[in-house]
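Subject: Structure for your review

Dear colleague,

Please find below the structure that I am handing over to you. My findings follow it, arranged by topic.

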Amino acid sequence: MRIDLKGLDTQETEQWAADQGFEPFRARQIRQWLFKKLVSSFDEMTNLPKNLRAILHEKALITALECVKTQESNDGTKKYLFRLKDDYLIESVLIPEQNHYTCCISSQVGCAMDCRFCLTAKKGLRRNLSSSEIIEQVIHVKRSIPNQDQIRNIVFMGMGEPLANYEAVKKAIINLMNDDGLNLSKRRITLSTCGLVPGINRLGREMNIKLAVSLNAPDDDIRDALMPINRKYPLRELLEACRTFPLHKGERITFEYVLIKGINDQDQHAQDLVKLLAGIRSKINLIPLNPHKGIPMLPPSEETVLRFQDMLIKKHFTAIVRKSRGSDILAACGQLGSEGLD
Ligand code: SF4
């Protein structure tokens with residue numbers, strides 16, 4: 001079987017090169033072509049000797065994603081639809097900020113977590129992405145913009161639950177962060193989870209990136225109804241994992257709270273949320289539900305959203321109402337996968 005070079009870290013690439021009889025600097029050259037010059041073929045690796053290129057052709061491969069469609073939203077958000085080798089489709093989103101971009105990437109084809117407000121959940125889990133399929137989303141998106149260095153934030157908030165595909169996600173993060181990878185700051189990589197407690201604990205031990213938790217409810221009854229994972233890892237366990245998650249100075253855990261009309265948007269819910277998150281260094285992102293015909297729920301009125309936010313702010317929480325970016329092209333939070341899985 002051919003070795004997938006973007007799925008290897010630095011040491012593994014050096015080991016592979018050594019196994020083929022080449023010096024470590026050849027591995028560094030290969031990684032430079034892959035992660036700095038973003039080439040997609042061995043023939044472009046012009047400073048490698050011919051015999052190494054012949055070996056690469058014979059024994060290695062470079063994962064590439066076929067971009068079958070891009071859509072641009074009124075607000076500049078761009079959605080990429082990629083076809084994988086086995087014809088499954090995944091989506092990534094590029095979100096323009098003031099002078100840089102955030103790239104939102106997928107970690108699985110579909111998702112098994114079945115959150116009731118999420119379109120990705122509708123078709124279930126098809127398979128995990130490999131680490132190279134994960135990082136290739138960033139590489140492809142980088143190639144498609146004029147100034148590649150402007151991608152500054154990576155968020156694992158696309159299709160899938162990243163902690164349910166831990167090993168591949170970890171490997172991709174290593175290559176996102178390494179100097180000889182995409183060299184992105186770990187403080188600019190955020191992993192969002194629906195609450196897989198063992199994965200959160202492991203992430204805290206092994207990786208130094210930022211954590212976001214898709215919370216969406218102030219108590220177990222509501223969370224059980226919205227997010228089946230809560231029956232396995234209830235709020236008490238989830239928040240304990242958050243309390244012990246290692247944070248650097250000034251860092252906070254982001255709690256995402258999708259506001260849904262009549263379900264989790266009342267004054268009492270805001271008060272309960274205040275009690276629930278007491279003592280955790282946190283920031284709350286309030287996201288009015290992005291409505292879709294496939295989801296039998298609605299967003300609250302703007303007045304309700306602002307009232308909810310105000311109650312949190314009055315209790316000294318940082319609470320930000322997130323604008324829905326790209327909702328006209330179904331690129332907004334919880335809307336990915338509508339095309340990808342059909
Ligand atoms: S919200 Fe996230 S974890 Fe929940 S079903 Fe959707 S993709 Fe999966």
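A residue is called buried here if 20 or more other C-beta atoms lie within 10 Å of its own, with C-beta atoms placed from the backbone. Please keep in mind that this is a predicted model.

By that criterion, helix α2 has the following buried residues: Arg26, Ala27, Ile30, Arg31, Trp33, Leu34 and Phe35. Their cover includes α1 (10–19), α3 (50–59) and α5 (166–177). The length of α2 was also checked: its 12 residues should span 16 Å at 1.5 Å a residue, and the end C-alpha atoms are 17 Å apart, so the two values agree.

Overall architecture

The protein contains 11 helices and 14 strands. Its radius of gyration is 21 Å, close to the 20 Å that the globule rule gives for 342 residues, so the protein is as compact as a globular protein of that length. Along the principal axes, the C-alpha trace spans about 70 × 40 × 35 Å. Of the 342 residues, 43% count as buried. When contacts between residues at least 6 apart in sequence are considered, 66% of them join residues at least 24 apart.

Domains

The domain assignment gives domain 1 (3–61) and domain 2 (66–329). The centres of domain 1 and domain 2, taken over C-alpha atoms, are separated by 33 Å. Contact between the two involves 10 residues of domain 1 and 15 residues of domain 2. On the side of domain 1 that touches domain 2, helix α2 (residues 24–35) gives the most, with 4 residues. The residues of that side comprise 2 nonpolar, 3 polar and 5 charged.

Ligand surroundings

There are 13 residues around the ligand, and Cys111, Met113, Cys115, Cys118 and Ala121 come nearest. By class, this shell consists of 7 nonpolar, 4 polar and 2 charged residues.

Individual positions

Thr254 belongs to strand β12 (residues 253–259). Leaving aside residues up to four places away in sequence, Thr254 touches Ala212, Lys283 and Asn285. Asp224 is 30 residues from Thr254 along the chain, and their C-alpha atoms are separated by 20 Å.

Two residues other than glycine deserve mention for a positive phi. For Asn183, phi is near 55 degrees. Asn183 is placed in the loop between α5 and β10 (189–193). With 13 other C-beta atoms within 10 Å, Asn183 is partly exposed.

For His316, phi is near 70 degrees, again a positive value in a residue other than glycine. His316 lies in the loop between α11 and β14 (318–321), just after α11. Because 8 other C-beta atoms lie within 10 Å, and 12 or fewer is the cut-off, His316 is exposed.

Helix α11 itself (residues 302–314) has 13 residues, which should span 18 Å at 1.5 Å a residue; its end C-alpha atoms are 18 Å apart, which agrees.

Yours sincerely

Technical notes. Residues are numbered from 1 along each chain as its sequence is written. This is a predicted model: local features need pLDDT of at least 70, side-chain atom pairs count only at pLDDT 80 or more; totals for chains, interfaces and linings use all residues. A residue is near a molecule or strand if its C-beta atom, placed from the backbone, lies within 6 Å of it. Ala, Val, Leu, Ile, Met, Phe, Trp, Tyr, Cys and Pro count as nonpolar, Asp, Glu, Lys and Arg as charged, and the others, Gly among them, as polar. Domain bounds come from an automatic or database domain assignment. Two residues are in contact if their C-beta atoms, placed from the backbone, lie within 7 Å. The radius of gyration is taken over C-alpha atoms; the globule rule is 2.2 Å times the number of residues to the power 0.38. The expected span of a helix is 1.5 Å times one less than its number of residues.
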